[in-house]
Amino acid sequence: MNILYLIDIVGTMVFAISGAITAFDKKLDIFGVSAVAFITALGGGTLRDLLIGSTPVAWMNDLTYLTMIAIGIILTVLFRPTILRLRHTLFLFDTIGIAVFTVLGLQKALDIGIHPVIAIMMGMVSAVFGGVTRDIVCNEIPLIFREEVYALVCIAGGVVYVSFGLFTSSTEYIIISTVSFIFTVRILAVKYHWKLPNF
Amino acid sequence: MNILYLIDIVGTMVFAISGAITAFDKKLDIFGVSAVAFITALGGGTLRDLLIGSTPVAWMNDLTYLTMIAIGIILTVLFRPTILRLRHTLFLFDTIGIAVFTVLGLQKALDIGIHPVIAIMMGMVSAVFGGVTRDIVCNEIPLIFREEVYALVCIAGGVVYVSFGLFTSSTEYIIISTVSFIFTVRILAVKYHWKLPNF
Amino acid sequence: MNILYLIDIVGTMVFAISGAITAFDKKLDIFGVSAVAFITALGGGTLRDLLIGSTPVAWMNDLTYLTMIAIGIILTVLFRPTILRLRHTLFLFDTIGIAVFTVLGLQKALDIGIHPVIAIMMGMVSAVFGGVTRDIVCNEIPLIFREEVYALVCIAGGVVYVSFGLFTSSTEYIIISTVSFIFTVRILAVKYHWKLPNF
C-alpha cells in the first residue's frame, strides 16, 4: 500500500495549502494560517479516530503528516500567487486526496469492526470534515453544506468500495476502482456544475 | 426499559426534524440538510460518549438511530408545510425527547462510575448539545445561550433523578418522576415565558 | 507539585472569569454565561485529553475544577465592574495560568508516550483551545487567529521545556524555567505590541 500512503501524505499537504489560502483571505496572522492549515488537513481523520475510539489519533504516531503540513504552509507563504495560478492542478490533487482519504478512513473503520454503513460515513467524514472545520473557524456556513456535492460523491464511493468487497477479495482492485470512481464523478460534478437541489 | 428505548429513537427522529427545518431555513442543499439533521440528533450523545470515554460512540452500535434520522429527513423534505403546522405536537415530542435523553445520558455516566455531579452535567449535555452544534454550524450564537431555560431544566431534572435515587431503588419510579418533572417544567417555562436574567 | 496544582486551579478560575466576561458582552443569559465560562476554562484540557485518548477527561475526576469555575462565574456576576477595573491583575494571573497549562499539558502527553513534538503541540492546545472555543461559540473569528502571539509563546515554552529536559533531570528547575519564560515573553509581547506578520 505504499502508493496509498504516498497519496495520503501528498493529499494532507494539498489540504493544508487549501486551508492556508482560505486563512490568508481572512487576513489571519501566520499562527492563524498555520492553525487553519492543520485543522483542514487533519480535522477529518481526527474526528473519525475520536468517534471510532482509535486514540491517540493517527497523526500523533507519524510525524510525516505534520512535516507535510509544515511544507504546505511554507509553500503557501512563499509562493501564494503561483499556487493561485496552479489551482487547476491543485484541484486534481485535492480530488485524488479526497478519494484516498475516503478509502483509508472507511477501511480503518471496517478494520476495527464498525458496521459497513457507519464505516461509509466514517470514510466521508475523513474526507470532508477538515474542510467543514476550516469554514467554521473562519466563521462561514460550511461551503459543503451549501454548494458542493463532494460529500455525496464520497458516500457513493464508499458504497462502491463495500459492494465490490462482496464480490472480490482483491484489495488493490477494490481500491483502484473506488478511487477512480470518486475522482471521475467529482471532476464531472464540478465540470458540469452538478448541484444538489435546495428547496 | 423498552418504553425508554422507544422514546429515545422517536426523540432522535424529532431532533433530526428540528435540525432539518433549521437547515432548510438557511437554504442548505439536501446534503447540508441531512448533515445538520444528523448533528442535531446525535451531537449530544456523541459529545457525552467522547467525554466519558465510551467509544465507538453509541449510535455506531445500533443502526436504528441512523434509520430514524433518515426517516426524519425524508418526512421533512416531503411534508415540511404540514410539519410546520404541527409544531405544537412536535414541541411535545421534543420535550419528551429532551427528558429521556437527560435520563439516559445521566444513567450511562453513572454506570461507568462518573461522579453524580458530573453525571448530571452529562445528562444535560446529551439533551442539549445537538441543538448547540446545529446553531454553531448554521453560524448563529446558540439559541440556548440566549433565550431558552431548558438546559437548566435538564440540570434540575438530573438533580431530581440523583436525589430520588438516594431514597428508592425503584428505577421505574425514578425515571417516571424525572421525565415528568422535566416535561412539566419545560412546558410551563415556555408557556409562561420564563427567562433567565441577562445582565 | 502542590504549587503547580494550586496555579492550575486558580488559572482555571481566571479562564472562567475571562469566558464569563466575554459572554456578558454578548448579552447571553446566566446559562450562556456559565456555559461559555466552562468551555473557556476546560476546553483546552478536554481537547488534549480527547486527542491523546485519556478519558474520562481530567476534570471529571476532580470536582475542584468545577468548583473553581462556579466561583469564577459567581465573582463575575457579583463584581463585574471591579473585575473589569482589575484587568491588569487578571492579565497576570491569566499569563501564569497559560504557562502552567502548557507545562501540565505537555508533561501529561509525554507521560503517556507521545512524541515530544506532538507533546509540545498538546501543551499549546491545553493553554489556548479554551479561548478559541469561547470565540467560536460567541460567533467570532478566534482572537488568537488574528492578533495574539501567545500560542507561539506556548510553543516556544514547550521547546524550552523539552530542550532543558535533555540536560537536567531536575523537574522543578525545568518547570520554573519554562513558566518564567512563557510569563516573561508574553508580558513583553503584549507590552511592546509584538505581532505576527499577516500577509
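This is a predicted model: local features need pLDDT of at least 70, side-chain atom pairs count only at pLDDT 80 or more; totals for chains, interfaces and linings use all residues.
Local features are reported only where pLDDT is at least 70 and side-chain atom pairs only at pLDDT 80 or more, whereas totals for chains, interfaces and linings use all residues. Residues are numbered from 1 along each chain as its sequence is written, and chains are lettered from A and ligands numbered from 1 in the order in which they are written.

Chain A contains eight helices and zero strands, where helices (H or I, at least four residues) and strands (E, at least two) are DSSP runs numbered from the N terminus. Read from the N terminus, its elements follow the order α-α-α-α-α-α-α-α. Along the principal axes, the C-alpha atoms of chain A fill a box of roughly 50 × 40 × 30 Å. The radius of gyration of chain A is 16 Å, in agreement with the value near 16 Å of a compact globule of 199 residues; this radius is taken over C-alpha atoms, and the globule rule is 2.2 Å times the number of residues to the power 0.38. Of the 199 residues, 54% count as buried, a residue being buried if 20 or more other C-beta atoms, placed from the backbone, lie within 10 Å of its own, exposed if 12 or fewer do, and partly exposed in between. Among the contacts in chain A with a separation of 6 or more, 68% come from residues 24 or more positions apart, two residues being in contact if their C-beta atoms, placed from the backbone, lie within 7 Å.

In chain C, the axes of helix α2 (residues 30–52) and helix α3 (residues 64–85) come within 10 Å and cross at roughly 130 degrees; axes are lines fitted to C-alpha atoms, for helices over the stretch in contact, and angles run from 0 to 180 degrees between N-to-C directions. The two helices, α2(C) and α3(C), are therefore oblique to each other, since angles under 35 degrees count as roughly parallel, over 145 as roughly antiparallel, 65 to 115 as roughly perpendicular and the rest as oblique. On the side of α2(C), the contact involves C:V33, C:S34, C:A37, C:F38, C:A41 and C:L42, which meet C:Y65, C:I69, C:G72 and C:I73 in α3(C).

Elsewhere in chain C, helix α8 (residues 171–191) holds C:I175, which counts as buried because it has 20 C-beta neighbours inside 10 Å. Leaving aside neighbours within four places in sequence, C:I175 is in contact with C:L4 and C:V103, and its C-alpha atom is separated by 9.9 Å from that of C:Q107, 68 residues apart along the chain.

Most residues other than glycine have a negative phi, and most peptide bonds are trans. In chain A, a cis peptide bond with an omega of about -10 degrees joins A:T55 and A:P56, and A:P56 is placed in the loop between α2 (30–52) and α3 (64–85). In chain C, the peptide bond joining C:T55 and C:P56 is cis, with an omega of about -5 degrees, and C:P56 is found in the loop between α2 and α3 of that chain. A positive phi of about 60 degrees occurs at A:K27, although this residue is not a glycine; A:K27 lies in the loop between α1 (2–25) and α2 of chain A.
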